[in-house]
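Let's take a walk through this model together.

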Amino acid sequence: MMFRRGFILFLPRLVGLLVVACCSMSIVYMLACTPKGDNQQLALPRVHSPTVKEGYEAILQEQEEQHRNYIISLKKQIAQLKAELQGRTEQLKNMQNQYSDSLDIQLDHSKPEKAQANLLAFLRSQVDKAEVHSGVKLSTEYAAVPFESFTLQKVYQLETGLTRHPEEKPVRKDKRDELIEVIELAVGTLNKPDGVSKAKPRVYTASDFVEGIYRTEKNKGTLYELTFKGDTKHQFKKIVLFRPFGPVMKVKNENVNMADTLINVIVPLAKRASKFQQFMQNFREMGIQQDGRIHLTVVYFGKEQMNEVKSILENTSKSVNFKNFTFIQLNEEFSRGKGLDVGARFWKGNNVVLFFCDVDIYFTAEFLNSCRLNTQPGKKVFYPVLFSQYNPSIIYGHHDSIPSLEQQLIIKKETGFWRDFGFGMTCQYRSDFINIGGFDLDIKGWGGEDVHLYRKYLHSNLMVIRTPVRGLFHLWHEKQCLDELTPEQYKMCMQSKAMNEASHGQLGMLVFKQEIETHLHRQKLSSKKT
């Protein structure tokens, strides 16, 4: 009873508290949700009052402006992304043109049809890239790739090679076979029926060929343009052919360790002690101090100046503690081939790289590494094309003094030339030299023995590496052509002597020296009169 009365008395109070709490929550909610003005909060205005309407419009306008600015910003970002994507796409296409074609064309024996299709697509793209259908912009006149012209009998060439002839009947088998193949293909193309004309077609032969031109772009292919006689005197048939080059393909990837590869430098010598002194300075600096994996064999003919040469060799040995040398003395007339052959056969150690050298040669440590890298027993021999120095007294005649030897060793057309007719400086393993039969010991005196050995290697299955090298120089010295030489040897010696003196332009200046001085004298007189 007591409990029921208490509960009845407490119930109105509880209802009142709930009403107060609800009102309080309503007031808080209205305060939180009422729109704000610029500087103050609206104090619960009526819903349809002008203040509320203006506040909402201001908020909507501000949000609309924010959205508009955001959309403009997004559009700018999208445009930038599109431009960047387009640039990346172009870069990717260029990279694919350069590299991915090569990767796709690698022969996949599991899918031969796809590999063949990829290869054909690549070869067709080479035609489009080359200067076949239209020209390309070039930076200078030196960037143009010249054509060479040819007929059935001769090739007219800018790069004359060893023959030095501006025209030649092709003696190199690869060039001869190449041009014959092109002419035959062109004749076959002309005789192929077109399927349109019903008249009996004319039969073309190689005798209808008038002339052709061709040039090679090293990374694309060779373009041939051939002209044939037409049906009348002033009509011609023109055939354009293109031999596309395939993609670069990996053949080998290997590590080559030359740390223990010794080079035996063999020098035949007679007299010339002062030249030997100069040679040993170069040998000491480049061979002993910088390279260190080297042996020297000197084959000396006769006894005149022999003690001086031995003294130079022994002094060098003491100064740098060098013991890897051999001195062989022969009491007979000088023969370069005999000296090199004796020096090569005298070696009793393991198989070694032989560098056949002369006393008037200057080499660098870089060249010694080239000598090692381009020789391989049973596979490769190295025939470097060295740079031959002109007469310093002519080259630097207008200078106050002739520069030091090191300053003279510059590869420029004014200072020397590639000695591409010389085959005396060569590197090969001793085993290959012995197996090929060595030098022809019947050849005496100057010249001929090096060419004979070179031809032996060409007739063998060994690969002959022939390339210009920047670290091998022939130092100028006055050449004496002796009367004892055979007519052919004497002619070779005189030709070599003429080429060693100076460039064509420098010799021309000497020939016309009097005319030049006369012109200068006249110029001085005329300037004085005025």
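Strand β10 (residues 353–356) points Val-353 and Phe-355 one way and Leu-354 and Phe-356 the other way, and all are buried, meaning under 20% relative accessible area with a 1.4 Å probe, protein chains only. Strands here are DSSP runs of E, at least two residues, and helices are runs of H or I, at least four, numbered from the N terminus. This is a predicted model, where local features need pLDDT of at least 70 and side-chain atom pairs 80 or more, while totals for chains, interfaces and linings use all residues. Residues are numbered from 1 along each chain as its sequence is written, and side-chain values use heavy atoms, without hydrogens and water.

What does β10 pair with? Strand β7 (residues 263–269) runs parallel to β10 over four bridges (pairing takes at least two DSSP bridges), with Val-265 opposite Phe-355. Strand β14 (residues 426–429) pairs with β10 too, in the antiparallel sense over four bridges, and there Cys-427 is the bridge partner of Phe-355.

Val-265 and Phe-355 turn up again in the largest nonpolar core, which has 42 residues; they are among those touching the most other members, as is Phe-276. Such a core is a set of buried Ala, Val, Leu, Ile, Met, Phe, Trp, Tyr and Cys residues joined through side-chain atoms within 4.5 Å. Helix α5 (residues 273–291) gives this core its largest share, seven residues.

Now for the outside: Val-511 sits in helix α14, and Val-511 is exposed, with a relative accessible area of 63% (exposed means over 50%).
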